[in-house]
Amino acid sequence: MLDQIALRAELADHYDLSPSTDIATAHADIYARMDRVVTPPDWAIYAPYVAAINQLKKDRNAVILAHNYMTPEIYHGIADVVGDSLQLAIEATKVKADVIVQCGVHFMAETSKILNPAKTVLIPDMEAGCSLAESITAEGIAEMRAKYPGAPVVTYVNTTAEVKAASDICCTSSNAVQIVRGMDSDTVIMTPDKYLAQNIVNLVPEKNIVWWDGACIVHEQYTAQDLRDFREWNPGTRIIAHPECPPDVVVEADFSGSTSGIIDYVTQQRPEKAMLVTECSMASNISDALPDVDFVGPCNMCPYMKKITLEKVLWSLHTMQGAVEVDPEVAAKARVAVQRMIDLSAKMAG
């Protein structure tokens with residue numbers, strides 16, 4: 001666990017991080033990307049960190065990859081690349097910088113390290129885990145293979161390197177349908193998200209899909225009744241759900257897609273009101289770019305994603321601590337599964 005007191009003392013010795021209206025004003029162009037959801041007083045607090053991090057990126061020859069669930073000050077203030085798990089995995093293969101800072105959870109940093117074994121990959125907080133990744137082990141994959149001999153294992157990227165290494169191919173919520181459909185087998189094992197697998201069943205009926213009993217703590221909390229109640233309370237709202245939600249929630253929604261799919265849908269459709277049935281920061285991060293859309297309704301926050309803060313990013317880059325390492329033998333096997341996903345996705349996109 002990070003020692004917050006020592007961390008702040010170390011940073012205070014090297015940076016003036018006091019709230020500053022002058023620094024906030026000097027970086028008004030950055031603030032313009034998030035001024036709908038971040039107040040001016042909050043921006044005065046964030047701006048010194050943003051300025052320090054962006055300068056330190058240059059000094060360290062570093063790039064920041066940030067997931068769509070990061071808070072706005074990270075997503076808009078310091079990220080060089082933003083996206084869902086697939087987009088970040090693809091972009092990780094293109095990185096030219098010496099250092100990658102992963103603003104996301106641990107499995108994402110592992111994926112970047114798997115794809116860039118010679119680079120330094122930092123995660124600002126090692127405790128930024130994932131309930132879904134923790135729901136399965138390599139032994140669980142072996143158990144499924146024994147139960148369904150010969151069936152290929154399609155593993156969600158929300159997993160550890162060891163689980164990826166034990167799998168045939170990875171997938172994300174944005175390409176799961178295409179990956180499963182592309183498997184040369186009547187039976188396909190999907191791990192570890194049971195809800196993603198169950199939602200894919202309805203879209204790929206020609207396959208016998210079996211799954212591991214795992215779920216995301218953010219998305220499994222939503223219920224179909226929640227959505228029906230919200231429609232009654234706020235009619236006319238377009239409800240958009242992530243496929244990690246239970247199947248009856250997805251059926252109740254107007255659209256279901258990955259985080260990138262959700263962004264594309266709202267950007268193209270421009271509904272008057274939209275409820276995003278996913279992690280809280282999604283709506284905040286896209287609201288400034290879509291001022292004509294009123295984002296309404298409840299959301300669930302991921303406690304793991306929110307462990308990543310500007311303060312921790314600055315500390316990680318300053319000290320170069322938080323390096324993610326993956327056993328070379330495990331990484332080599334996991335790289336095959338991840339690269340197969342990227343290659344198959346590219347082939348199908350073409």
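Student: How far apart do the centres of domain 1 and domain 2 stand, taken over C-alpha atoms?

Tutor: Taken over C-alpha atoms, the centres of domain 1 and domain 2 are separated by 30 Å, where the domain bounds come from an automatic or database domain assignment. This is a predicted model, in which local features need pLDDT of at least 70 and side-chain atom pairs count only at pLDDT 80 or more, while totals for chains, interfaces and linings use all residues. Residues are numbered from 1 along each chain as its sequence is written, and side-chain values use heavy atoms, with hydrogens and water left out.

Student: Which residues make up the domains, and how many residues of domain 1 are in contact with domain 2?

Tutor: Domain 1 covers 4-129 + 305-319, domain 2 covers 132-216 + 329-349, and domain 3 covers 224-295. Contact means heavy atoms within 4.5 Å, and 13 residues of domain 1 are in contact with 19 residues of domain 2.

Student: In what order do the strands of the open sheet lie?

Tutor: Strands (E, at least two residues) and helices (H or I, at least four) are DSSP runs numbered from the N terminus, and two strands pair if DSSP finds at least two bridges between them. Here 4 strands form an open sheet in the order S10-S9-S11-S12, with parallel pairing. Strand S10 (255-256) and S12 stand at the edges with a single partner strand each, so one side of each is left without a neighbour in the sheet.

Student: How many bridges join S11 to S12, and which residue stands opposite Lys-273?

Tutor: S11 is joined to strand S12 (residues 294-295) by 2 bridges, and the two run parallel, with Lys-273 opposite Asp-294 in S12. Between S11 and S12 the chain passes through helix H15 (residues 281-287) in a right-handed β-α-β crossover, a term meaning that, with the strands pointing away from the viewer, the path from the first strand over the helix to the second runs clockwise. S11 also pairs in the parallel sense with strand S9 (residues 238-241) over 4 bridges, and Ile-240 stands opposite Leu-276 in S11.

Student: Is strand S11 enclosed or open?

Tutor: Buried means under 20% relative accessible area, exposed over 50%, and partly exposed in between, using a 1.4 Å probe and protein chains only. In strand S11 (residues 273-277), 4 of the 5 residues are buried, so the strand is largely enclosed by the rest of the structure.

Student: How should I read the aromatic pairs, and how many are there?

Tutor: A pair of aromatic rings is described by the distance of the centres and the angle of the planes. Rings of Phe, Tyr and Trp (its six-membered ring) pair if their centres lie within 6.5 Å, and planes under 30 degrees apart count as stacked, over 60 as edge-to-face and the rest as tilted. By this rule there are 3 aromatic pairs, among them the stacked pair of Tyr-31 and Trp-43, at 5.5 Å centre to centre and 10 degrees between the planes. Tyr-31 lies in helix H3 (residues 28-31) and Trp-43 in helix H4 (residues 40-60), so this pair ties together parts that are 12 residues apart in sequence. Trp-43 is buried, with a relative accessible area of 2%.
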